[in-house]
Amino acid sequence: MIEPKTQKPTPTEEREAYALATKRDGDICQRCLRYCGPTNRDHRKPRGQGGLTTAGNLQCLGGSGTTGCHGWRTENPADALAQGWSVPSFADPLSWPAARWFPTPWNTLRLGWVLYDDLGGFREINYLVARRLGRGLVNA
(Lines give C-alpha, C1' and ligand atoms only; values in the text may rest on other atoms or scores of the structure.)
Protein backbone atom coordinates (compact mmCIF):
# COMPACT_ATOMS: atom_id res chain seq x y z
CA MET A 1 0.00 0.00 0.00
CA ILE A 2 1.31 3.44 -0.87
CA GLU A 3 1.15 5.86 2.02
CA PRO A 4 0.53 9.59 1.64
CA LYS A 5 3.61 11.80 1.54
CA THR A 6 4.54 13.54 4.74
CA GLN A 7 4.93 17.29 4.56
CA LYS A 8 8.60 18.27 4.67
CA PRO A 9 9.46 20.56 7.60
CA THR A 10 10.07 24.22 6.82
CA PRO A 11 13.60 25.63 7.35
CA THR A 12 12.38 27.18 10.62
CA GLU A 13 10.98 23.82 11.80
CA GLU A 14 14.25 22.12 10.85
CA ARG A 15 16.29 24.67 12.86
CA GLU A 16 13.99 24.06 15.82
CA ALA A 17 14.39 20.28 15.47
CA TYR A 18 18.20 20.60 15.46
CA ALA A 19 18.02 22.80 18.58
CA LEU A 20 15.67 20.39 20.39
CA ALA A 21 17.87 17.37 19.64
CA THR A 22 21.01 19.25 20.68
CA LYS A 23 19.42 20.25 23.99
CA ARG A 24 18.02 16.75 24.62
CA ASP A 25 21.39 15.10 23.96
CA GLY A 26 23.48 17.76 25.72
CA ASP A 27 25.48 18.35 22.51
CA ILE A 28 27.53 15.22 23.21
CA CYS A 29 27.93 11.99 21.27
CA GLN A 30 25.21 9.63 22.44
CA ARG A 31 27.03 6.48 21.36
CA CYS A 32 30.24 6.95 23.38
CA LEU A 33 29.41 9.94 25.64
CA ARG A 34 32.82 11.47 25.02
CA TYR A 35 34.51 13.67 22.46
CA CYS A 36 35.10 11.61 19.30
CA GLY A 37 35.01 14.56 16.94
CA PRO A 38 32.78 17.58 16.39
CA THR A 39 29.18 16.81 17.31
CA ASN A 40 26.80 16.25 14.39
CA ARG A 41 23.02 16.09 14.41
CA ASP A 42 22.70 12.72 12.76
CA HIS A 43 19.51 11.59 11.02
CA ARG A 44 18.66 8.18 12.50
CA LYS A 45 16.71 7.46 9.31
CA PRO A 46 18.70 9.08 6.50
CA ARG A 47 17.03 11.81 4.45
CA GLY A 48 17.80 9.80 1.32
CA GLN A 49 15.54 7.04 2.67
CA GLY A 50 12.68 9.37 3.53
CA GLY A 51 13.88 10.53 6.94
CA LEU A 52 12.83 14.05 7.89
CA THR A 53 14.64 16.62 9.97
CA THR A 54 12.57 16.27 13.12
CA ALA A 55 13.73 15.96 16.73
CA GLY A 56 12.51 12.36 16.83
CA ASN A 57 14.75 11.46 13.90
CA LEU A 58 17.89 13.22 15.14
CA GLN A 59 20.63 12.21 17.55
CA CYS A 60 23.97 13.77 18.42
CA LEU A 61 26.94 11.71 17.26
CA GLY A 62 30.56 12.80 17.25
CA GLY A 63 32.87 12.76 14.26
CA SER A 64 32.27 13.11 10.56
CA GLY A 65 33.02 11.28 7.34
CA THR A 66 34.81 8.11 8.41
CA THR A 67 35.84 9.32 11.88
CA GLY A 68 34.19 9.01 15.27
CA CYS A 69 30.82 7.47 16.03
CA HIS A 70 29.07 9.27 13.16
CA GLY A 71 31.58 7.75 10.75
CA TRP A 72 31.18 4.34 12.41
CA ARG A 73 27.39 4.50 11.98
CA THR A 74 27.78 5.41 8.33
CA GLU A 75 30.39 2.72 7.62
CA ASN A 76 28.58 -0.05 9.58
CA PRO A 77 24.88 0.28 8.75
CA ALA A 78 23.88 -3.26 9.78
CA ASP A 79 25.61 -2.99 13.17
CA ALA A 80 24.24 0.52 13.72
CA LEU A 81 20.74 -0.74 13.02
CA ALA A 82 21.11 -3.79 15.27
CA GLN A 83 22.57 -1.73 18.13
CA GLY A 84 19.90 0.98 18.05
CA TRP A 85 21.75 3.86 16.40
CA SER A 86 19.87 3.78 13.10
CA VAL A 87 16.36 3.34 11.71
CA PRO A 88 15.56 1.13 8.68
CA SER A 89 14.07 2.68 5.57
CA PHE A 90 10.65 1.07 6.15
CA ALA A 91 10.24 2.29 9.76
CA ASP A 92 8.97 5.42 11.45
CA PRO A 93 11.69 6.92 13.70
CA LEU A 94 9.08 7.76 16.35
CA SER A 95 8.22 4.08 16.80
CA TRP A 96 11.70 2.58 16.28
CA PRO A 97 13.75 2.02 19.48
CA ALA A 98 16.92 4.02 20.01
CA ALA A 99 19.79 3.14 22.32
CA ARG A 100 20.57 5.66 25.06
CA TRP A 101 22.87 5.77 28.07
CA PHE A 102 21.39 6.45 31.52
CA PRO A 103 23.19 7.38 34.74
CA THR A 104 22.74 5.02 37.69
CA PRO A 105 22.69 5.81 41.43
CA TRP A 106 26.22 4.33 41.60
CA ASN A 107 27.73 6.92 39.22
CA THR A 108 27.94 4.41 36.40
CA LEU A 109 26.04 4.19 33.13
CA ARG A 110 23.62 1.63 31.77
CA LEU A 111 22.48 1.24 28.19
CA GLY A 112 18.73 1.44 27.80
CA TRP A 113 16.11 1.86 25.13
CA VAL A 114 13.91 4.85 24.32
CA LEU A 115 11.37 6.11 21.86
CA TYR A 116 12.11 9.70 20.86
CA ASP A 117 9.40 12.28 20.26
CA ASP A 118 9.33 15.37 18.06
CA LEU A 119 9.15 17.71 21.07
CA GLY A 120 12.75 17.03 22.12
CA GLY A 121 11.98 14.33 24.65
CA PHE A 122 11.98 10.58 24.95
CA ARG A 123 10.25 7.78 26.82
CA GLU A 124 12.27 4.88 28.20
CA ILE A 125 11.02 1.42 27.22
CA ASN A 126 12.13 -1.95 28.53
CA TYR A 127 14.17 -4.41 26.52
CA LEU A 128 11.20 -6.66 25.73
CA VAL A 129 9.28 -3.78 24.15
CA ALA A 130 12.43 -2.63 22.31
CA ARG A 131 13.00 -6.14 20.93
CA ARG A 132 9.39 -6.42 19.79
CA LEU A 133 9.39 -3.00 18.15
CA GLY A 134 12.91 -3.33 16.72
CA ARG A 135 12.57 -6.90 15.45
CA GLY A 136 16.07 -8.20 16.06
CA LEU A 137 17.96 -5.49 17.92
CA VAL A 138 21.02 -7.16 19.45
CA ASN A 139 21.27 -5.17 22.69
CA ALA A 140 17.59 -5.40 23.53
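Predicted model: local features only at pLDDT ≥ 70, side-chain atom pairs only at ≥ 80, totals over all residues.
Local features were taken only where pLDDT is at least 70 and side-chain atom pairs only at pLDDT 80 or more, whereas totals for chains, interfaces and linings use all residues. Residues are numbered from 1 along each chain as its sequence is written, and side-chain values rest on heavy atoms, with hydrogens and water left out.

Helices (H or I, at least four residues) and strands (E, at least two) are DSSP runs numbered from the N terminus. Two strands are taken as paired if DSSP finds at least two bridges between them. Strands E1 and E2 are antiparallel and are joined by five bridges; within this pair, Asn40 has Leu61 of E2 as its bridge partner. Strand E3 (residues 98-103) and strand E4 (residues 109-116) also run antiparallel, with six bridges between them. In this pair, Ala99 stands opposite Trp113 of E4, and Arg100 is bridged to Gly112 of E4. E4 pairs in turn with strand E5 (residues 122-125), again in the antiparallel sense, over four bridges.

The hairpin of E3 and E4 has five residues between the strands. Asn107 lies in this loop and has a positive phi near 60 degrees, although the residue is not a glycine. With a relative accessible area of 75%, Asn107 is exposed (buried means under 20% relative accessible area, exposed over 50%, and partly exposed in between, for a 1.4 Å probe and protein chains only). The hairpin of E4 and E5 likewise has five residues between its strands, and Gly120 in the turn has a positive phi of about 90 degrees. A further positive phi, of about 55 degrees, is found at Asp27, which is not a glycine either. Asp27 lies in the loop between H1 and E1 and is partly exposed, at 39% relative accessible area.

Asp25 belongs to helix H1 (residues 11-25). This residue counts as buried because its relative accessibility is 3%. Apart from neighbours within four places in sequence, Asp25 is in contact (heavy atoms within 4.5 Å) with Gln30, Gln59, Cys60, Arg100 and Tyr116.

In a regular strand, side chains alternate between the two faces of the sheet. In E2, both faces are covered: Leu58, Cys60 and Gly62 are buried on one side, and Gln59 and Leu61 on the other. Five of the five residues of E2 are thus buried. In helix H2 (residues 68-75), the buried residues are Cys69, His70, Gly71, Trp72 and Arg73. Their cover includes strand E1 (39-43), strand E2 (58-62) and helix H3 (77-82).

A nonpolar core is defined as a set of buried Ala, Val, Leu, Ile, Met, Phe, Trp, Tyr and Cys residues joined through side-chain atoms within 4.5 Å. The largest such core has eight residues, namely Trp72, Ala80, Trp85, Ala99, Trp113, Leu115, Ile125 and Ala130. Beyond its neighbours within four places in sequence, Trp85 is in contact with Gln30, Arg31, Asp42, Gln59, Trp72, Arg73, Ala80, Ala99 and Trp101.

Pockets were located on a 1 Å grid over the protein atoms alone, as open sets of points where a 1.4 Å probe fits, with protein on both sides within 12 Å along at least five of seven lines; lining residues have an atom within 4 Å of a point. A volume is the space filled by probe spheres set on the points, which are joined across faces, edges and corners. The largest pocket holds about 330 Å³. Its lining comprises 15 residues, of which Thr6, Gly50, Leu52, Asp92 and Pro93 are the closest to the centre. By class, this lining has five nonpolar, seven polar and three charged residues (Ala, Val, Leu, Ile, Met, Phe, Trp, Tyr, Cys and Pro count as nonpolar, Asp, Glu, Lys and Arg as charged, and the others, Gly among them, as polar).

The second largest pocket has a volume of about 150 Å³. Residues lining the second largest pocket include Gln7, Lys8, Pro9, Glu13, Glu16, Ala17, Leu20 and Asp118, together with Thr53, Thr54 and Ala55. Four residues of this lining are nonpolar, three polar and four charged.
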